[in-house]
Amino acid sequence: MKKLGIAAALIALIGLGAYKLKDNQEKVAAKVYIPDTSLKVGVDVSTVAVQPLSQALSFLGTFTANKEVEIKLQVGGEVLQLPFENGQAVSAGALLAKIDDEQLSLQKEGLEISIEGYKNDLKRYQNLVAGDATPAVNIEKTELSIRATEAQKKQLEKQISHTRVTAPFSGVITEKLTEKGAVVSPGVTIAKLTDVSQVKLRLMVPERSINLFKIGQPLTITTEVYPGQEFNGKVSMISAKGDASHNYPVELTVNNNHAKVLRAGMYGSVLFDHTVSGEALTIPRQALVGSSKDPYVFVVKDEKAELRKIEIGTATAEVFAVASGLQEGEIVVTSGQINLKEGSPVSVQK
C-alpha cells in the first residue's frame with residue numbers, strides 16, 4: 001500500500017508539472033508578437049524611365065615628386081663642408097658635401113713619386129740595353145710597373161673626385177641626415193634631394209574607366225589646398241597591369257606653380273564630364289538590393305512587393321542603367337526595402 005501511495009504521488013506531481021509547463025507556454029506564446037501580414041509596409045518609389053545617361057567621373061590621386069634621390073657617399077672620412085639646410089633649394093652641380101681627402105692626396109703623391117722613379121729606371125735600362133749591359137726584360141718589367149702604378153693613381157684620383165659631392169639635378173633638400181664634422185663611411189646617405197619643378201599625380205583608375213585616359217591627354221586638376229584654382233596636367237603613364245581589384249595606375253605630369261606650390265603627398269582630383277551616347281532605361285541607385293554583381297529590385301505590382309532579378313550596365317553617381325529585367329513605367333522601391341519580402345503588401349508614401 002505504501003508503494004502505491006508513493007507512485008500515485010509521483011504521477012500527480014508529473015501531471016501537475018506538465019500542466020504548469022503547458023500553461024506557461026500558452027502565456028509566453030500569447031506575449032510573442034506575431035506580425036499582421038495584412039498590414040501594408042510604407043515605401044518610397046520611383047518610376048523606371050528612359051533618359052540620357054550623363055555621368056561626371058571624378059578620380060582622386062596623390063601628388064608625388066617628379067624625381068627624388070638619396071645622396072650617398074662613395075668614400076668615407078670627415079665631413080669638412082656641408083653647405084645646405086633642410087628645405088633649401090639647390091641648383092644642379094651645387095656643392096653638397098666635401099669629405100677630407102688628405103690621406104688620399106698623400107697616397108696619390110706617393111704613387112707619382114714611384115712613377116717618376118720607374119721612368120728614370122726605364123731610361124737607364126734603355127741605355128744599358130743599347131750597350132748590351134742588361135737584359136731587355138728589365139725594360140719590360142719597368143714599363144709594366146709604370147702602367148700598374150698609373151692605374152692605381154687613376155683609382156685614387158677617382159676616389160678624390162668623390163670627396164666632392166654635388167647635386168645631380170636642381171631641387172629641394174627634403175632631409176638632412178648628417179652634420180659638418182661627422183666621420184662617415186662609404187654608402188652613408190647624407191641627404192635627400194627632391195625635384196618639385198614638376199609633380200606627378202598618381203591615380204588608381206577602375207577597369208571600366210581606364211579607356212578614358214590617353215597618353216599625352218591634357219586634363220584639369222583641382223585640389224582642396226587651393227580651392228577654385230585649376231592646374232593643367234598631362235597623362236604621362238598608363239600602367240599595362242592592374243592590381244587585384246582591377247584598378248590601373250595612371251600618372252599625370254603637372255608643372256608646378258611658384259605662387260601656389262603643389263607638394264608631394266597632397267591630394268588632387270581629375271574630373272571627367274563624360275556623356276554616354278544614346279539613352280538608357282534607368283533606376284535610382286537606392287533601388288538596388290544586393291550588390292552590383294548580383295542585383296535585385298523590389299517592384300510594386302498590385303500593391304504588393306515583387307523581388308526581381310535584373311542586369312545593370314553603366315553606372316553614374318545617381319543612377320544605374322538597366323540592361324534587362326525591367327520595363328519602362330514600372331515602379332521600383334527606393335526606400336523601405338529592409339522591411340519587405342516577396343509578396344509583402346505595400347503602401348506608397350506620398
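F213 is buried, with a relative accessible area of 2%; buried here means under 20% relative accessible area, exposed means over 50%, and partly exposed lies in between (1.4 Å probe, protein chains only). The model is predicted, so local features need pLDDT of at least 70 and side-chain atom pairs count only at pLDDT 80 or more, while totals for chains, interfaces and linings use all residues. Residues are numbered from 1 along each chain as its sequence is written, and side-chain values use heavy atoms, with hydrogens and water left out.

The chain contains three helices and 20 strands. Helices (H or I, at least four residues) and strands (E, at least two) are DSSP runs, numbered from the N terminus. Of the 350 residues in the chain, 32% are buried. The accessible surface of the chain is about 22000 Å², and carbon and sulfur atoms account for 52% of that surface. These areas come from the Shrake-Rupley method with a 1.4 Å probe; for residues, only the protein chains shown count as cover. Among contacts in the chain with a separation of 6 or more, 72% are between residues 24 or more positions apart, a contact being heavy atoms within 4.5 Å.

Two aromatic pairs are present in the structure. Rings of Phe, Tyr and Trp (its six-membered ring) pair if their centres lie within 6.5 Å; planes under 30 degrees apart count as stacked, over 60 as edge-to-face and the rest as tilted. The ring centres of F59 and F213 are 5.4 Å apart and the planes stand at 70°, so this pair is edge-to-face. F59 belongs to strand β2 (residues 49–72), whereas F213 is in the loop between β9 (189–206) and β10 (218–222), so the pair ties together parts that are 154 residues apart in sequence. F59 is buried, at a relative accessible area of 6%. For Y226 and F231, the centres are 6.1 Å apart and the planes are at 55°, so the pair is tilted. Y226 and F231 are both buried.

Lysine residues were also found over aromatic rings. A charge sits over a ring if NZ of Lys or CZ of Arg is within 6 Å of the ring centre and within 35 degrees of the ring normal. K67 lies over the face of F169 at 4.5 Å from the ring centre, and K176 lies over the face of F84 at 5.8 Å from the ring centre.

An open sheet is formed by four strands in the order β6-β5-β3-β8, with antiparallel pairing. Two strands pair if DSSP finds at least two bridges between them. The edges are taken by β6 (164–166) and β8 (183–184), each with a single partner strand, so one side of each has no neighbour in the sheet. Within this sheet, β3 (residues 77–81) and β5 (residues 95–99) pair in the antiparallel sense over two bridges, with Q81 opposite K98 in β5. Strands β5 and β6 also run antiparallel and are joined by three bridges; here A97 stands opposite V165 in β6. Strand β5 is mostly covered, since five of its five residues are buried. In a regular strand the side chains alternate between the two faces of the sheet.

Helix α3 (residues 137–162) has 26 residues and reaches 38 Å from its first C-alpha to its last. This span is close to the 38 Å expected at 1.5 Å a residue, the expected value being 1.5 Å times one less than the number of residues. The residues N138, I139, T142, I146, T149, L156 and I160 of α3 are buried. The buried residues of α3 pack against α2 (102–130) and β6.

T334 is found in strand β19 (residues 331–335). T334 is buried, with a relative accessible area of 17%. Residues up to four places away in sequence not being counted, T334 touches D44, V45, S46, P284, Q286 and A287.

Most residues other than glycine have a negative phi. D302, although not a glycine, has a positive phi of about 55°, and E303, also not a glycine, has a positive phi of about 65°. D302 is placed in the loop between β15 (295–301) and β16 (304–309), and E303 is found in the loop between β15 and β16. D302 is exposed, with a relative accessible area of 71%, whereas E303 is partly exposed, at 49%.
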